[in-house]
Amino acid sequence: MTVADRAMTQLESWPNLISGSPRCAAGRAFGTSGHDIVHFHSDDAADLHLTHAAVHRLLPHLQHSTAVRVHPGSSWITVLLDCDADVALLLTLISVALKEHDRAGGDPLPEGPSTFCDWQPQAVPPPRAGASAALRHRRVPAAWKAVGRFIPHGR
């Protein structure tokens, strides 16, 4: 069972969340009526829809987390799922997102009636003569993922 599977198993027991297909049509989503809250596009990350206000309010804390990627100008953040602590962080942030969406009372959020995540499958560049970085990246994705957790993002 992957870390994402463990997170989804816990979310299935939340009475106020509905499971289904995300509006971006890739993976699995959990949300409330009218709002997608979290999308699982892969086994090692989840995209979470906070509001712009919540992202701005939590930004100092989010930037210090190695598991969170903040997308400038977006109300969506990405949580990298590598261990149980990341699942706990994701569940906490989902609680924040639910409160933000409840605050709107089912009405469209200030940033628009339906904000979609901007997830797109990552294309692997074709190998170039003399440049084997793409090949190395495909051979050791776990190592690149680990290195990415040590590099500060979102600043």
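Which side chains meet in a salt bridge at 3.0 Å, N to O, with Glu100 as one partner? I looked this up first, and the partner is Arg57.

**Entry 1: ground rules**

I am working with a predicted model, where local features need pLDDT of at least 70 and side-chain atom pairs count only at pLDDT 80 or more, while totals for chains, interfaces and linings use all residues. Residues are numbered from 1 along each chain as its sequence is written, and side-chain values use heavy atoms, with hydrogens and water left out.

**Entry 2: salt bridges**

I called a salt bridge when a side-chain nitrogen of Lys or Arg was within 4 Å of a carboxyl oxygen of Asp or Glu. By that rule I get 3 salt bridges.

Back to Glu100 and Arg57: this pair links distant parts of the chain, with Glu100 in helix H3 and Arg57 in helix H2 (residues 52-64), 43 residues apart. My helices (H or I, at least four residues) and strands (E, at least two) are DSSP runs, numbered from the N terminus. For accessibility I took buried as under 20% relative accessible area, exposed as over 50%, and partly exposed as in between (1.4 Å probe, protein chains only). Glu100 is buried because its relative accessibility is 9%, whereas Arg57, at 47%, is partly exposed.

Next I checked Asp84, which forms a salt bridge with Arg6; their closest N and O atoms are 3.0 Å apart. Asp84 sits in H3 and Arg6 in helix H1, so I noted a link between distant parts of the chain, 78 residues apart. Arg6 counts as partly exposed at 28% relative accessibility.

Then I found Arg28 with Glu12, where the closest N and O atoms are 2.5 Å apart. Arg28 lies in strand E2 and Glu12 in H1, so this pair ties together parts that are 16 residues apart in sequence. I have both down as partly exposed: Arg28 has a relative accessible area of 26%, and Glu12 has 47%.

**Entry 3: helices**

Which residues of H1 (residues 3-12) are buried? I list Val3, Ala4, Ala7, Met8 and Leu11. They are on the same side of H1 because they cover an arc of only 135° around the axis (taken from the directions from the helix axis to the C-beta atoms). As a reminder to myself, an α-helix has 3.6 residues a turn, so residues three or four places apart point the same way. With contact meaning heavy atoms within 4.5 Å, what covers these buried residues includes E2 (28-32), strand E3 (35-42) and H3.

H3 (residues 84-103) has 20 residues and reaches 29 Å from its first C-alpha to its last.

I traced an open sheet of 6 strands in the order E1-E2-E3-E4-E6-E5, with antiparallel pairing (at least two DSSP bridges between two strands). E1 (18-20) and E5 (68-70) are the edge strands, each pairing on one side only. Neighbouring strands are turned by 20° against each other on average, direction ignored.

I also looked at E3 and E4 (residues 45-49), which run antiparallel and are joined by 3 bridges. Ser42 has Ala45 in E4 as its bridge partner.

H1 packs on the sheet and touches E2 and E3, its direction making about 155° with that of E3. H2 also packs on the sheet, touching E5 and E6 (76-80), and its direction makes about 130° with that of E5. For these angles, axes are lines fitted to C-alpha atoms, for helices over the stretch in contact, and values run from 0 to 180 degrees between N-to-C directions.

Note on methods. Expected span 1.5 Å × (residues − 1).
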